[in-house]
Structure formats: C-alpha cells, structure tokens
Amino acid sequence: MKIKLNKHWPLARKRILLTIMRTFIFLLCTTVFSLSPTSSFSQRKIKIKTERVVSVNEVFNIIEQQTDYRFIYPQDLFTNASKIQLRKGKIKITNLLKSCLLGSKLDFKLSDKNIIEIVEHKKIKQTPSQKELQKFTVKGTVNDSNGQPLPGANVLEKDSTNGAQTDFDGNFSLTVSDENATLVVSYIGFLTQEVALSGKTSLVITLQEDAAKLDEIVLVGYGSVRKGDVSTSVGVVNADELADQLTTGFDQAMTGKVAGVQVLQTSGSPGGNISIRVRGTASISAGNDPLYVIDGVPLSNDTKFAGGKTSQYETPTNPLNSINTNDIESIQILKDAAATAIYGSRGSNGVVLITTKKGKSGKLKVSYNMNVGFQSVTKKIDLLDAYQYSQLTYEARNNTYQDYLNKNSLSGSSSDSNTIRTANGAPAASLIPHQILPYLNGQAGLTNTDWQDEIFRTGLLKSHTLSFSGGSDKVRYFVSGNYLDQEGVVISSGFKKYSTRLNLDVKSGKFHAGLNLTPTYSVTDKVNSEGRYADEGVIALALGYAPIFPVYNPDGTYNFDGNGNKKSWGQYSQSGQLNPVAVANLTQDELSQFNFLGNAFFEYELSEGLTYKLSLGADINNFRRDYYRPSSLERRFQGGPSIPRGYSSTDQFVNWVAENTLSYINQIGEDHDINAVVGYTVQKNRFNSNYLESSNFPNDLVTTLNAGTVTGGGSRTEEYSLLSYLARVQYGFKNKYILSASMRADGSSRFGPNTKWGYFPSVSGAWKVMNESFLEDSNVINDLKLRASYGVTGNFDIGNYSSQGLLGQSNYNSISGLAPITASNEELTWERSFSTNFGLNLGLFNNKVTLEVDHYISNTEDLLLQLPVSTISGFSSSLQNIGRVQNKGWEFLLGFKNHDHDLKWNVNFNIATNKNEVKELGPNNEPIIVRGGAFNFFITRVGDPIGSYYTLKTDGIFETQEELDNSPHFSGAQVGDLKFVDVSGDGAITQGGDASQEDRTITGNYNPDYTFGIGGSLSYKNLDFGFNIQGSQGNEVMNILSRYINNVEGNFNNRTDVLDRWVSPTNTGNGTIYRANRVASGRNGWTSDWHVEDGSYIRLQNVSLGYTFPDDVLEKFKLDRLRISLTGQNLFTITKYSGYNPEVNGRFNTGGLNNTSPGEDYGTYPLAKTISLGLNVSF
Amino acid sequence: MYPSKCLTIKIKQMKNYIIRYILLAVVTTLTWSCSDDFITLESISEATAEGFYRTGDDFNNAVVACYDALQSNNQYGLAFDRLLGLRADDAVDDNASASSRASDIDKFVASASNTFIESAWKGTYIGISRCNIVISRIDAIDMDASLKKQLKAEAQFVRALIYFNAVRIWGDVPLITAEQSVQQTNQQIQDKTLIRNSVADVYAAIIQDLMFAELNLPASNGVRATSGAAKSLLGKVYLTQGKYPEAAAKLNEVIGDYQLLPNFADVFDVGNKNNAEIVFAVSYDKGVDGEGHAPWFSNANFVIVPNSLLSAYNPNDSRLPLVQTSPGTTGLIPGKFFDLEFQGQVGNDFPVLRYSDVLLMRAEALNEVAYDSDVNGDAFTLLNQVRTRATLTPYTNTDLTNQQEFREAILLERKFELALEFDRWFDLVRTGTAISEMAKVGQTISGNDLLFPIPQSELEIINNPSGFPQNPGY
C-alpha cells in the first residue's frame, strides 16, 4: 500500500491551534519545571512492553503516555499510513519517530513547550506525477537473518515518498519509477538497507540486526534485563554461534566461547561426560558443576552415575544429553556471585541458563536440518611393532637375568637358554618367552597387530532435525523433532537419541501462559574405555597388548594368548591381559535414558508493570542399564570359558519445582527505572534405584538375568528438598547509574536442623559512562560501562543426608544390630563463596570493536571436609565446615566486527586466567593427601592449588657409577636407572614417612594458568566461513598410563619413545629413557614427575564453510532459506602431550574427594575429529 | 503441609480476580505453613540416629551393636590378637619388615603410631560410645521394665569389659560414661576438660557397671553376657586391683555354675561353642559374611608359638596340643584356634572368661589372703581341679610349701592353661613379674613398657600435654 497524504491541510490548522491552546493551559496548570532542553529530548527513551504492530497514532499515544510531549498533526494524517512493528525494549524517541515517518515526506521537530510538530520534509523533491512514470512493479519478502519474515517493515523507493509495508508474512509489493530504482528497507532494531533493483522484479531482502543491540535482553534468573543494564558478569552464547555444529551435546558447541568458562572434553565416549568449570574449582569435597537451568527448570545434576559403574574410571553420563543443540536460542552463563546469588545455595559454581527457541508470530515456518559426518580418532599413539616389541622384551629380560647373576655372583650370559637360566635358579622374569623367538630371529611376515587400528574405526554420525514454528498474535508455537545417531570411534560404542519438543506460548490480554515439553529417549552403547588394563579398559589394553598376538584364532574365535597363566604367557611373568577387541565386542553394556523435561507457566499482569508468574517444572529421568559379560570372554589369569556375570539396574529421578514470582518493571518519571522481582520456590527431588545381578548362566544364549542365578540385588531411595525465598531489585537512574541488589534464602533438607536456612545476598552497580554528556556525542565510544559487584553464594552439592547421623548394620553372630556409622552434625552448613567482581564494557565505532574485561576474587569458606576427630567421640572422622579456597582471575573478551560491506566479518578473542589457591584447611592446616591410581598421589595443602600432583622428582638418569655412588638412591639402583631427587636433603630417597624425610613434592597441577578461545566468522555474499580455536596453557597431566606403555619392561607394548632408551654407558639413548628391565631396579616405575606431562594445547575446535543459496533460486523453489555447509571439528590439536587428550581427567568424580585428584590419564576414550556435511532448508 | 497442596490452593485462587490484591499476602502465609516440614527429610535407605532408639527392639539392636564392637577387628577380631597376643612370651612375630608393624609390639619397640594400637584405641571408644548410647537413652524409653534393666546391664557389662581392657593396656584413659556427640567432644577438647582419668576412677566405674550387671543379667543368655560372666569379670577386676578377699568372695559365687569339660580340646572345638566351661566368649560365625574373623596366631601373619613355651609344657599335658600348630588353609595355626573349614574367614569364638580361669583366680585370691597348706582346702582343690583335667598330677603341700611357691605355681598354671588367650601379658603385669619373665625369653623391658603408648593421632587432636599426656617412655 502507499502512504497517502491528507489533502485537508487548511482544516488541520484550526486543530493545531486548538491543540496548542489546550496544551498550553495544561502545562500551565500542572507543571512549571518540565521544560526539557532539546538534548534531553533526543536522549529520551520510550519503553515498549510487548512486541506488537500498531498504527502511527497509537505510537504517538504511547509517547504521550510515557512523556509529557504532545503532538501536533492533522488527525487523519496517518489514517492510511503503514503500521509500525514495535519490539519489546526501549527506544529513543527520535528513532521511534523517524521510523514512524519513514517513507513519508513528513518530518518532526520539537518546538517549545514540549510539543512535537509533524512537518513536511523539506528535502524531498517534488515527486513527478505518477502518470509520468513507467510502471515497474517489484514484489519481495523481508526476513531477518534467521529467515523469519518481518511484518510491518518499511520499503521505500529512494528519494521519494513512494513506499509500502510488508504484510503479516513479510511480503510487499511496490510499483516504482523504473527498473533501476533503489529501495530503502528499514525496520526497527535492524540496520536500514538499500537495495538496487537492477531490473529484478522479485526480491528477498534480509535485514541485519542493529549492531548496537543495546536493547538486547539478557536473562538474569527469575527475570531479564536489558543487556546494557547488566551490572554483573554474564557470558552469552547465541543460537547463531551454535548453528551448524554437529554435536551430540551443546556443551561442545560452547567450548572456548566464554571467557572464564572451561568446557572440558575429558573423554570422547559417546553420550558420556561433560565437565564445565566456571571460574575454577571452589570446593574440595562438594560438587563443582554449575547449575543448569533450562527454560526456568533447574536440572538436578545427580544423574551422572545413574545405571551404576562397571569400573571406577567410568565416565559419568552427560546430564545435558537430552538437549538438542538446534533447539537452543541462547545460553547465558552467570559467572559472578552477584549474578548467581539469586540461585543462592546452588550458585557458587556458576549458573548456565539455557533458553530454547520459541515460535514467532507469522506464517508457519518449516525448517529442516540435516548433518551427516564421519568421525575418526584425533590421534594415534606411536607404539612399537611386534619386532621392536620383541627386541625390547628380550633386552629387558636379559637385563633382569644379568642383575640376578650379578647379585648372586653367578656367571652366565645373555645367550643362555631358558634351560640354563632356570638351572641357575633365575626367576621367571628373566626367561625369554618362546613366543618372541621367531621375531628375534628376524623371521618375516609374522603376526604384527596394530591394536589401535583394531579397536578404532571411522564412525558415522548423523542428525536430523525438523521444526515447525509460527503463530498468531495470541498463540505461538515451536515444535521440533530430532534424531541423532552416533557410531563411536571405538568399536562397540555409540549413542542414539530421539527427542521432541513442543514450546507453546499463549497471550491474551493480561494473561500469558506457556508450555515447554521435551521428551527424549536415548540409548548409549557402552564400551569399557576408561581406566586400567586390569579393569578391562579397552584403550589401555589396546595400547599395552603385545603386537605379536593376533586378534582371532584361525577358527575365527578370539585369541587370548596374551592372557595369563595357562596360555604360557604368564609362566614368563608377563602381565596377563585380555584381547581388547574381544572385551569390546563380547561385553554387552547398554544404558538407556528416558528424560522428560517440561514446564508450564502462567502469567498475569496485575497492573501496569506488575506481573505475577507461576511456573511449574519437572525433570524426570529413567535410566536402565543392562550388562552381560559372557563365558566366551576369559578372565584375567584364567582360561575360558569364564563364569558369566550380568546385572541390570534401573534408576529413577523425579525432580519437580514450583516457582511463584511477582515482578515489577516500570519507569517512574523520566529518570527512574525499576526492575524488581520477589518470589518463592519449592523443589523436591526423589531418587529410586534398584539392581539385580546374576551369575552362573548355563551358556551365553540368553543374557537376561532370568537365565542365571541371581546372586545379589538391592534398592535404594533418596530425597532432597529445597525451599527458597528470593528478591531482587534493580534501580536505574537517568539511564546512567544502575544499582542492583538481591537476596535469596534457601532452606535445604541436606543440612542440619540448626543450619537449614542459608542467606545469600548480593549487590552490584554499573555506571553507563557512555550516557554521560561528555561521551554522548562521541563518534568513537558508543558503549562504556563500568561494573562492580559483590555477592555471597552457596554450594549444597554434598549428598542428601550428610548432616544426619546414619546407622549401619552391626550384627553380632547373626543377631542383627544397628550402630551409628556417621556422626551427625547439626551445625553442618553450606559452603559459601564470597566474590567480588569488577568489570568494564567498551564499544567503539558503533560496536565494531568491543571489549569486555572482568576481574574477580572469590573466596570459598566453610568448606565441607571429612576431618579426623577424636575417636573418643565414637567416630574417627566427621564432616565439618572448615577451610577456605580462593579463586581469582582476569577475563578479557575482545571482539571486532564489520558488517558494513558485502564482506562481513567478525572475530572474537577471549582469554581467562584463574589462580586457585587453598588458603586454610583443618584446624592444623594438615594437608589432604589422596592416592590416585598406581600409587600416584595428590596433595591439597595451603598455598597451592587443590589436588596438585605429589610425587617424587627425577633428575635424568644415572649416567655413571660415580654419579650413582655419590647420590642418594634407592637400594638396587643401577647406572641407567632414574635419578630421584633427595628433596628433603636427608641423604635418602623416601616416599611417605614424616615430613622431614619426605621426598615427594608438588610436580604439577591440572589447573591451567589461562584458557583462551578465538572464534570468528566471515561472509561474502552467499558464502560464509567460521572457525573456533580454543586452548589452555600451563596445565599438567598425570599420565600414569605411561607407567605401563612407557615402562621399558617389555611386559606391555611401549611407545616408540623407548627406542631411544639407555642401553649402556656408551649408548645412553636420548638420556631420558631408563634402562630396559623386566624387574625395574631403582624403582623407576614409582610415580614421579617422569609421568607428569605438559598438557597445554591449542585446538581447532570447529571450522565451517557454508553456502546460502541466492534469492532467485529460493524463489524458484519457494524456499526461505537453503544452506549447505561443510564442518570440521577437532581437526587438529597442537600439544606436547603424548596421550590422546590433554583434557583427560580420569578420576573425575570418583568418590568423596573427587576434586582432589584431577588430571589423571589411565587410558581414556580418544576425542573424535568430525567432518560433516550440513543441509539447512526452511520455508 | 505438603507443598503440592499449597500449590493447588494457589492455582484455584488464581482463577479468582481478587488475587490481584491479596496474592502477596496469600503467598506469604502459605509458604510459612509449608516451610520447615518440607525441608526436613529423614534418610530412607539408612536408618538415622534421630529416628531410632525409640522402642525395646531398637535398644536390643543397639545392645547387639555393643557386642559387635567387641567382635570387630578393632578389638578381639584382630587388634587384640596382635596387641595382647604378641606382647607376652606366648607368641612371637619376627617379621620386622611388615608394613603393619605387628612385630614391633612383640619386640617392645612399637611407636605411638602403630596401626594396631591405633586400631585398639579406636575400637575401645567406638565400643564405649555404643554402650553409652544405650545406657544414656534407655531409661527414658517406655518398654518392658525387666528387659530394660537387662539390656542396660548388658551394655554396662560390655562397657566394663572394654574399660577393663583399656585400663590395663594404657593405664589412665578418658572415662566417658554418657553419650556425647562429636561437637561435645570437640568442646571438651577446646575446654581442655577431656583428660586421662586416673586408673582408680576407671576401676570405680568398672565395678559400678559390673555390680549393676551381675544383679540384672540373666543366668543364661545365649551368646550374650550373663550374671555369671559379670561376677567372674568383677572377680578378675578385684584380683587385678589386689582386692583379694573381695575377689575370692565374688568368684565363689560362680563356683559350681560352670564346669570343666573333661577333654580340654573340646573347650575350643568350633563345633562345641558356648559349652559348659565358657563363662563369656566373643562369638563369631564364619557362615555369615563379616561375622567371622581371620585366623588368630596364624603363621601366615608371621606369628609363631615359641619353643620356650612349647618345651615348658609337661609332654603329657593335654593342653600342649592346643598350643601346637598344624597346617590349616591359611598356614600353621595353633590348636586352640584351629578351624579347618575356612570360608574366607574362620569361626572360632574367643574365650574371654573360662571356668578354669575362674578356678585359678579364686585359688590365687585365696592364697593371696593367706597360704593354706590344706590340700583339701579351697586353694589347692581349685588349682588341682585344673591340673587334673589337664591329665597332670595334682600339687600337694610338699610341692607348694608356702604362699610364694603357691603364687608361682598359679602363675605357671595360668601360663599353660590360658596360653594364647590374651591373659598372659596382663597376668605378668598384674603379678609384677613382667620384667623378670620377659627377661627369661631374652626380652629386656623396663617399667615404661608395662603400658602401651596412647596413639599419636589422638594426642595430636587433643593437643593437651598436661591433661592428656603420652605414657612415659614414648
């Protein structure tokens, strides 16, 4: 439609006069001080409460309501004018008016007495009469960058009054002067775009959102504020940054994007593990995971070990498996305590708020996403082949034999046969296994198995997502379904997921209600990939298993020659190991999960700005795990068939939450913005589990437990509840100064009767310097904000009944008895973090350059520690609140962006440091020493980070006898063995014992000095390119797997490093690898800094190339959007670390003191690199 | 009030437009009424102390837990085997390199950090706290009055036994006679009121407990404590204190209530538990997981019965085979604790008080009061009863002509009769012969060695050298 100007101008003049008089009288009567200077006028903002389409007249009414400005214009001036789409938020009056008048030949000006006059545009040249024009009609659609149609956008022929407005579906039709006309397309909140027709009659115009985006809304928990008004530290990841990543969990998609948020891929196992650390590790014994809140429902994070564990190193289940990345609208990470204090007792590890996509009013939009990719391991470890292995074994055993001869003053030589060796009384470890003899003789064509190749494969990963969205003014919907199928890169592992979502939103008058439902079913095919070879970890087995053995026997059965005794491998004192392919393929292990996440909310606007909201949510999880270990799989040191064993477990978690909030958002007068919320919430979680195990199955035909004899079982129920009151008020003055304060009171069943309630206050402030008069007109600085905050948060992740004294069975000769097993602690209370944050936001050149800097200091006090107590109390330890840990660090986020030209690009760089330091422990600051795997120790002591590696230290190898004689050493040490450092200086090497003798010392730590990420995107016309790089620096890994695969003993296969081993005083190799010996002299195998490796890395986490089909193609196929993309993930990692994955954290969550033993690598599922093809269609 | 109920009310009220004005008030009121009950949840799969200790059955379970403390590895199950079994001259452990340092106890070089000493200390106070829970709480319970007295008496018996062992192991020990929490203990430590009470005070408490126990325990009580056990133990306490007339009198009350089995080996037969000679034994059951124990004095633990003991026996002594070892499934084990049927654990009971012990104690007490040369007098009769059963010839007044000879004969008889039954060390200390007797087997010790050290960890936690000092010499 066209904007027509009213012809009855003279009549209007009378009305103007009347209005002026009325207004004058009104002003005279009501106020004498509301005269606003023009500069204030230009800064005044109008608040739009809801998104809607209104007429120009209505816009003026809104302005009149919110200000004391009055309008002067002919009444029916805008009768036929295009409608205006208003977006929620605030907008400057001047901008709003410009939009209203855009495309008309009208302009506005502020006259005296707060009167806004609508006047004719002076610049507009007289339009030639339409009859003179050649008629040329153009049709088109206006979309946003997501392909959503924009109803009510203005389309204007440049330098004319000729214009039109898009309809409800974003379509417009306009007759212009000629085929070379230029259209000016504008829409509030978006950058105005000029489009040259160049003869085209059909257009699809995509508007880019305004870069400034200062009115973007940020969720802050139980409410939202404008991004510009945020006074705390919040990291944001938007949907477009998550798009086109083929991931099984969105956590991978947010890796490296937010400063201070460490997303660790500790294991590559499908469906397994997530480890997110927000600003370091604050707790020694309680949880360190952030709280996840999805569409307002706080998830329970105790589902991690649902289904039980088959080995102590098994990785937890990813609690976020059920969330489909494609459904996510945005992720916001509340980092500082002032932001998280509104979540009180669950806030001290950060809060991750996830918002899913909602429908937008408009026609039905159908979107289909497909990704198909191939996954393969990121890395293989270089190992000896069968010939090199045999040589190593031979040398190691000869050295053992030589040591024996020397010790017993016997004569003999390496050429002695096993018969002679045995006759000399030499131990089995000095015999030469007959299996290696052909290799030593150099016979060609013998079995030479690469076990890594046998267990790794290229896995197919595919994902399909179909979504429908749309709606009317009142009802909006988003429906999606997702199917994901991942074949693991390790044989016999995989993950399948089926999920659906319904998001519904209904608005009518003052009522607003919504529903989000997400049922998800997933099945994880598990393989025992983590941990020790002795626990049947297939990775450790594949690395250590002798390459001289084949996978299969000639008859097609699995070969178990590397197993222990009876197969004559053990008679030589070789380590019995199971065939890793057999372990992976024969063991059946499946975990299925049904997750139902849903919430419904009801909102009612009680009065202007005052809204009551009731939200009811539930997170229900059912897990089932079935495990069967068949008779065809031998047991270590035993021949087959073995006794089969099976178990089956089910776990159910029901977590419901109800929240009542009353929020008030209003602007009072011109200068006072109030955004307040009060509420109370109740939450309860119930966990039920049961399991059964069977043994003695007659055969492997039926693997369900009914086929065997039930040998054990049990069931268990636990509950917790949380009751909370919360309040927050944010006050803004003149849009320059913001002060925010919040308070939460949490009552939890987990704490003692005297300490059930915890109080978590916070206060924060921001100074929006850019709104000060001295910066107002700056062309350089368009955003400058200083922030400061202080808050108290808690950690309630301590187990359900820790405050209570529990009783345990204390039977006497079969008569049942009960006695206390844990001490009650009625004073047991929350770990509390006291955090200060200072921050700065800077935007330059219309936000083309942005900088965000944060500095924080967080002290976590009242740590929950199991402290030794006087046994006179009847207990030897008791859980108490004692100790303090500090985390402090800097975070920088620097962004560059240019969307002004066809070549659009942006780059973001973030870097974060965190220093973790234990400040206080128990009464005497006694260090906590925890034993990891393989006699590896961790120490948590005052002055150092939590869980530092605590081992002996080495200083090369003994090169000469003289050096050996003059240095403290373990008895039996020889030239060629590791030289340990006498840290205590007492002339002896001692591990354990009292502190004066102790030679263990801190040799590294899992905490990085800093983490960083670089992400960017670049697009030129229809092509787009994106990348994401992340890394960390200064973290060490405790690679105790190298105690096996680098032990130079010849019992396990070894890394090729050992080819450079010490052989003799004249052939010292590279001087770092000690002498081969089946029975290592000098305790070379004791865990030391020899096993500690630098875990710093830099990884190309994601790179993508996309092509969006041009409009004419889309038009032909009646599509809104068609994009194809090629994506690569984890394509390469630069690191010195010798294992698969420098982020490994093998003892992640093993038992109570989980945080005190991080960074151990005992074999882990390698990360996969993925190359995938994506297709995105919407219409 | 259950919260979902609260919510329903609210949802209903939502429909009402009045909510606009009263909502805040409603919310506030309802939440208050829902608050503390909602966040008070008891453990479901484990009983809590808060919800327990309410009925007679609960207290029966609690009393069983007291016996369980005796049975545990921190007392008779393992720690005493190393602490009391090795200390004297009836067992030897030469394995100085073992990390558990049991040998150090045998050689009198055990440090205050010795595992078994720490374990025994822990077992002592876990046991006492279990007894104290019963004793402190049971009076307030509504239950059968006589059963209540009996259960309380059982707890007092066990407490007395534990304190009796403790006072003989460490001397002065903290005397805790009422239930106390970790917090109270910590408070006492802070106030420096947690001290080592005098041996005399501890004995006074023991006697008080046993006097209550002997009155309120039944004569027969299965594997649990009886009035006879309380009397016998009280007799032993008196004897240890040197209160000979009291000891003789108290032990006399038991005479005739038990009998010596004709065949000595039958007393220890795992198939003949709780026989007529057993006054009180700590009971085990290898058939139930966790209710048996690892073999005592097993050479798999490097423990051997020394020749000095074996060769001291008269070859005809029917008790000799019971201290000689024979191969079991876990190494050589002496006959007293031999159980061929090893099910990952063995099931021998540990005889704390036997009738022969009662007889010998009474004989000793009578002799200490005054030597009686009458071979038909009580002292000689009691002593000879024991000897005769062991197929030895009875003593006459020409063999034992005076009090001292009689005294030495009793001590020697106890050595043979009660070998490996954790009595020897206490007998040596009680009779003041420890230093001289240990010298006979080449072990030089001093007066300081008569007591064990207080565990180092406990001293560090309590950190009160004046009120809670280490024993001299450690």
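Predicted model: local features only at pLDDT ≥ 70, side-chain atom pairs only at ≥ 80, totals over all residues.
In terms of residues, 68 of chain B are in contact with 63 of chain A.

Polar and charged pairs across the interface were also counted. Between chain B and chain A there are 15 residue pairs in polar contact, with both residues at pLDDT 80 or more. The rule for salt bridges finds 1 across this interface. The salt bridge is formed by B:Glu46 and A:Arg716, whose closest N and O atoms are 3.2 Å apart. This pair meets the definition because a side-chain nitrogen of Arg has to lie within 4 Å of a carboxyl oxygen of Glu.

The side of chain B that touches chain A draws on several secondary-structure elements. At least two residues each are supplied by α1 (3-15), α2 (19-38), α3 (56-71), α6 (115-137), α8 (182-191), β2 (278-282) and α20 (456-462) of chain B. The largest share, 10 residues, comes from α2(B). Sorted by class, this side of chain B has 40 nonpolar, 15 polar and 13 charged residues.

Strand pairing was examined in chain A. One open sheet of this chain holds 4 strands in the order β46-β47-β48-β51, and the pairing is antiparallel. The strands at its edges are β46 (928-931) and β51 (1001-1004) of chain A; each has a single partner strand, so one side of each is left without a neighbour in the sheet. On average, neighbouring strands of this sheet are turned by 45° against each other, direction ignored. Within the sheet, β46(A) pairs with β47 (residues 937-940) of chain A over 4 bridges in the antiparallel sense. In this pairing A:Ile928 has A:Thr940 of β47(A) as its bridge partner.

Further antiparallel pairs of chain A involve β34, β35 and β36. Strand β34 (residues 737-748) of chain A is joined to strand β35 (residues 757-768) of chain A by 11 bridges, and the two run antiparallel. Here A:Ala741 stands opposite A:Val763 in β35(A). Strand β35(A) also pairs with β36 (residues 781-795) of chain A, again in the antiparallel sense, over 7 bridges. For A:Ala766, the bridge partner in β36(A) is A:Arg787.

Methods
Residues numbered from 1 in each chain as written. Chains lettered and ligands numbered in written order. Heavy atoms only, no water. Contact = heavy atoms within 4.5 Å. Polar contact = N/O pair within 3.5 Å; in protein donor to acceptor, adjacent residues only side chain to side chain. Nonpolar A, V, L, I, M, F, W, Y, C, P; charged D, E, K, R; others polar. Pairing = 2+ DSSP bridges. Axes fitted to C-alpha atoms, helices over the stretch in contact; angles between N-to-C directions.
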